[in-house]
Amino acid sequence: MKLLAFLRTVCVPPILSKKTGPLQCRLFQPDYVPRDPMSKRKNYKYPAVYDPYGPKPPPLEKIVQLAERIASLPLEERLQIHPTLAFRLSLPKIVPVSVEGIDLGPQGGSAGSPKTEEKKAEKTAFDVKLEKFDAASKIKVIKEVRTFTSLGLKEAKDLVEKAPVLLKQGVPKEEANEIIEKLKAIGGVAVME
């Protein structure tokens with residue numbers, strides 16, 4: 001009992017003895033080797049970049065020769081290497097991913113070229129959008145919207161009250177201009193997109 005009390009005071013401070021108990025002392029652990037207080041600390045040299053696989057051996061001589069032979073081939077023959085190796089090694093075919101409809105931003109590269117081609121191509125179908133209208137001419141605008149759409153009175157009223165809203169899609173330029181002029185004459189503001 002006295003030995004246990006002595007070990008408690010030596011190994012574990014009295015404050016911690018209630019929480020941890022006497023067996024938390026480092027002396028009781030089997031791998032403990034007391035350090036010589038006069039010895040110097042070891043300074044370990046850490047590499048600037050950690051490589052978990054260690055240093056890589058230089059490539060074999062036949063690999064270097066093969067790389068030199070491939071580099072000396074003309075461009076047409078170098079382009080045939082990948083399909084031939086893919087067939088020979090039974091690699092899966094690379095399926096191109098469609099990015100149509102996805103905005104890739106400025107880093108998109110090839111995705112930016114179709115957009116410029118679309119802008120150069122002349123639009124044939126336009127959308128008519130009602131931007132706003134005068135409150136006094138609301139009934140006239142609803143009647144006019146009913147004439148060029150196949151909506152009932154309630155649907156046309158709900159559509160007009162949601163302004164700005166798309167009224168008609170995919171109409172030719174002449175028809176879109178007629179609709180815009182009619183709405184402008186009765187107090188509505190419509191645009192062609």
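Analyst: Contact here means heavy atoms within 4.5 Å. Helices are DSSP runs of H or I with at least four residues, strands are E runs of at least two, and both are numbered from the N terminus. The model is predicted, so local features need pLDDT of at least 70 and side-chain atom pairs count only at pLDDT 80 or more, while totals for chains, interfaces and linings use all residues. Residues are numbered from 1 along each chain as its sequence is written, and side-chain values use heavy atoms, with hydrogens and water left out.

The part to look at is the pair α7 and α8. Helix α7 covers residues 138-148 and helix α8 covers residues 153-161. Their axes come within 9 Å and cross at roughly 120 degrees. Axes are lines fitted to C-alpha atoms, for helices over the stretch in contact, and angles run from 0 to 180 degrees between N-to-C directions.

Now the side chains. From α7, the contact takes in Lys138, Val141, Ile142, Val145 and Arg146. From α8, Leu153, Ala156, Lys157, Leu159, Val160 and Glu161 meet them. Seven of the contact residues are nonpolar, none is polar and four are charged. Nonpolar means Ala, Val, Leu, Ile, Met, Phe, Trp, Tyr, Cys or Pro; charged means Asp, Glu, Lys or Arg; the others, Gly among them, are polar.

Next, the charges. Side chains of opposite charge can pair when their charged atoms come close. A salt bridge is a side-chain nitrogen of Lys or Arg within 4 Å of a carboxyl oxygen of Asp or Glu. Glu161 and Lys138 form one, at 2.7 Å from N to O. Glu161 lies in α8 and Lys138 in α7, so the pair ties together parts that are 23 residues apart in sequence. Lys138, Lys157 and Glu161 are linked in a salt-bridge network.

How exposed are these partners? Glu161 is partly exposed at 38% relative accessibility. Lys138 is also partly exposed, at 25%. Buried means under 20% relative accessible area, exposed over 50%, and partly exposed in between (1.4 Å probe, protein chains only).

Asp158 and Lys154 both lie in α8, four residues apart, about one turn of the helix. Their side chains meet at 3.3 Å, N to O. Asp158 is partly exposed at 30%, whereas Lys154 is exposed at 58%. The structure as a whole holds five salt bridges.
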